[in-house]
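Thanks for coming. I will go through one structure today, chain by chain, and then the contact between the chains. Please have the display open.

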Amino acid sequence: MSDEPRSGSDGEDLPAQAKRPAQPEATAAAASEIEKTSEAAAAPDDAGTPDRPSASEPDAPAPTLAIWVRGLTKKFGDKTVVDGLDMQVPRGAIYGFLGPNGSGKTTTIRMMCGLLTPNGGQGECLGFDILKEAQKIKEQVGYMTQKFSLYEDLTIRENLDFMARMYRLRNRKARVDRALEELGLADRQSQLAGKLSGGWKQRLALAACLLHEPKLLLLDEPTAGVDPKARRDFWDEIRRLSKQGVTVLVSTHYMDEAVQCDYIAYIAYGKMLISGPSAAIPDMIGLHTWRVDGPNLQALETELRGTEGIEQVARFGAVLHVSSTNEARLRQVAEDHMAKSVGHWTEKKAELEEAFIYLMTGATDNFSNGVKGVAA
Amino acid sequence: MISISPARFFAVLIKEFIQMKRDRITFGMMIGLPIAQLLLFGYAINSDPRYLPTLVELNDNGPVVRSVLAGMETSTYFDFKGIVTGVEAGDRALRDGTANFIIVIPPDFEKDIVRGRHPDILLSADASDPTAVGGAVGAMNGIINSAIKQVLSGPLQASAGSAPPFSVTVHRQFNPEARSSTNIVPGLLAIILSMTMTLITAVAIVRESERGTMETLISTPVRPTEVMLGKILPYVLVGYVQIIVFLFFARVLFDVPFDGSVQAFVVGFNLFIIVNLALGFLISTLARNQMQAMQLSVFTILPSILLSGFMFPFAAMPGWAQTIGAAIPATHFLRIVRKIMLKGADLGDIAVDMTSLSLIMAVIAALALLRYRQTLD
């Protein structure tokens, strides 16, 4: 088990989750709408596409979707990095994009904003064809790269000013001033961007891609290497933007970020393994969880890890969450322990935290051509 | 006592070979290029040029004239391209580079020999490149002497006495003192501009992708032309500064004249700068990092120095090498600069070179735009 899941144990992320009670219904409704609209329509302009799937496939652009792609494929040489990916991102949602390193997240994001040309598949971003209308997509999308990619040898203000000019913004000076003010960097505006710490660089990069008030934010592991405080601030900002109707597609490795997303998509080896509203993910995996507390958890944790049929033992503060997709076996293990009075066992609903750990620990780095991830 | 661990030494050695193998472009340049250059330059360069284009102003004709011309042709130094009429036409041919020599046979040449008046044949040489014409001029005396021996038999035997019946006067035009600095310094402008302009542009653009800033740049709605123009123009200004500094030192330190049209010069160097920047742009689309960009730029410099006529006379190269040379931008700009500074040329005189430069420019720009991707593919 990695260190990551424990970061949820400080409880700070739980309020975030609690803030989303209305979400499941809303997203479920949106999802069913997606299904309906997509089945009804057949896009006339893709009739000539040779690899066009049958008409029953999800297909046409729906106004409720910020992004839809189908059969998206990208090859580098003979290596298929993204393999027939389907994805639908509803407008206004925070869409979490999970997957191990090398699973094709960055490549997918780059194809969506026109930085890479797909070898196959089709899709739309904000109603524009990702193959033919990259220019229009770029006007309305804010893309934040994984690695800091503003000019380190320009000052903070010069960087923002440059980006503002790239989008031909009116009232450029006022907008840059306001961005500096909001960033809290107004008094350091003539400092070189390269001298900023990781957290500040990330905030500057976000400010830079928000200058033109994009309708869609594509964030590629935006908080990698950033301290927890800066990460929380960053996510406060993301939620604020989402409330204003901005769609956010964010790739991440962090559980505390994943649980703040309305939707989750998990990819491995360039294939979409699971996707849906966050709350539905544990059920989609078929994960069941029991909560255990009591003395001497360390020994119990070690024992349970060696127990056949127990797929996951995660520690959350002073309790263990014991999970398995085999409900009967899990119940049996729980009852055995209760009979021996080892720990205090209660059945709980599997949450996104358990699902996240399940997905992330099941996967290995995807750079090798070895065995496929077990998460599927 | 310092001890060297063979194991560690070998570890470094092996690592170095692995890295060498990974960087294919560098590896190719280390092995392939020297061979290519050896063959190319080894066969192409010849500092004793033959078959120099020569025109004749024929004001008289007869056995002696024919013998002299035949002797010149068999020496292989001179390649007769045709006849000119009038001094002006000859001067123009020398200035625009269609001929390196003009032979002027004076009127009544044959009669004057018979009468013992010792007429003069005038050999006008384009001495702006002293190396190119040096050999031919040096061979002239021998050619004349053998021509005299062949012809002056029979009725003319009498005039074959102690003094030769006629002589050749060599007139070195454009660079009467035959100073090599007069030739080299204007040529250097072509080399310096090629080197710096190409290199700076290539590196400036590759730096963008190497540091990752290209990703943010092309995620904005910016278009390739905007990037290309915006990145290139600052370096055009750098080029201007270089030219001004160059002209100043050429005059003050090397006493190189500037005889031609300033307007033609301005038009010429602007085109040349743009060609080099486009070349730099093309290189930037081929190189993956700044190091490779630098190596590729340096690679384009050697042919510019060796095959352009800068260091060795263009006319001395075999035909295939001249073809390669003609594809090098520096070759044409070199001619433009020499014509304007040394030969007092104007726009009309450099039209041919400007056309060639424009053609090269079109090809390079087309390749660069074709190679440039608006995506990260």
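Predicted model: local features only at pLDDT ≥ 70, side-chain atom pairs only at ≥ 80, totals over all residues.

Residues are numbered from 1 along each chain as its sequence is written, chains are lettered from A and ligands numbered from 1 in the order in which they are written, and side-chain values use heavy atoms, with hydrogens and water left out.

Take chain B to begin with. Chain B has 14 helices and five strands. Of its 377 residues, 48% are buried, where buried means under 20% relative accessible area, exposed means over 50%, and partly exposed is in between, with a 1.4 Å probe and protein chains only. The accessible surface of chain B comes to about 18,200 Å², and 65% of that belongs to carbon and sulfur atoms. Those areas come from the Shrake-Rupley method with a 1.4 Å probe; for residues, only the protein chains shown count as cover. For contacts, the criterion is heavy atoms within 4.5 Å. Among contacts in chain B between residues at least 6 apart in sequence, 80% join residues at least 24 apart.

Now strand 1 of chain B, residues 52-58. Six of its seven residues are buried, so this strand is largely enclosed by the rest of the structure. Strand 1 of chain B runs parallel to strand 2, residues 78-83, and five bridges join the two. Pairing of two strands requires that DSSP find at least two bridges between them. Within this pair, Val56(B) has Ile83(B) as its bridge partner.

The loop between helix 3 (63-74) and strand 2 of chain B holds Thr76(B). What is phi of Thr76(B) near? The value is near 65 degrees, which is positive in a residue other than glycine. Thr76(B) is partly exposed, at 21% relative accessible area. Another residue of this kind is Asp255(B), with a positive phi near 55 degrees, again in a residue other than glycine. Asp255(B) sits in the loop between helix 9 (224-252) and helix 10 (262-286) of chain B.

One more residue in chain B is Thr201(B), in helix 7, residues 180-210. Is Thr201(B) buried or exposed? Thr201(B) counts as buried, at 1% relative accessibility. Leaving aside residues up to four places away in sequence, Thr201(B) touches Ile232(B), Leu277(B), Gly280(B) and Phe281(B).

On to chain A. Chain A has 13 helices and 14 strands, and 52% of its 376 residues are buried. Chain A exposes about 16,700 Å², with carbon and sulfur atoms supplying 52%.

In chain A, four strands form an open antiparallel sheet in the order 12-13-11-14. Strand 12 (312-316) and strand 14 (344-348) stand at the edges with a single partner strand each, so one side of each has no neighbour in the sheet. From one strand to the next, the twist averages 25 degrees. Helix 12 of chain A, residues 327-339, packs on this sheet and touches strand 11, strand 13 and strand 14; its direction makes about 15 degrees with that of strand 11. Axes here are lines fitted to C-alpha atoms, for helices over the stretch in contact, and angles run from 0 to 180 degrees between N-to-C directions. Five bridges join strand 11 (288-293) to strand 13 (319-324) of chain A, and Trp290(A) has Val322(A) as its bridge partner.

Last, the contact between the chains. It takes 21 residues from chain A and 18 residues from chain B. The two chains bury about 1,800 Å² between them, 51% of it on carbon and sulfur atoms; buried area is the accessible area (1.4 Å probe) that two parts lose on being put together, summed over both. Leu115(A), Gln135(A) and Lys138(A) supply 30% of the area that chain A buries against chain B, more than any other three residues.

How many salt bridges are there between chain A and chain B? The count is two, a salt bridge being a side-chain nitrogen of Lys or Arg within 4 Å of a carboxyl oxygen of Asp or Glu. One salt bridge joins the side chains of Arg110(A) and Glu215(B), at 2.8 Å, N to O.
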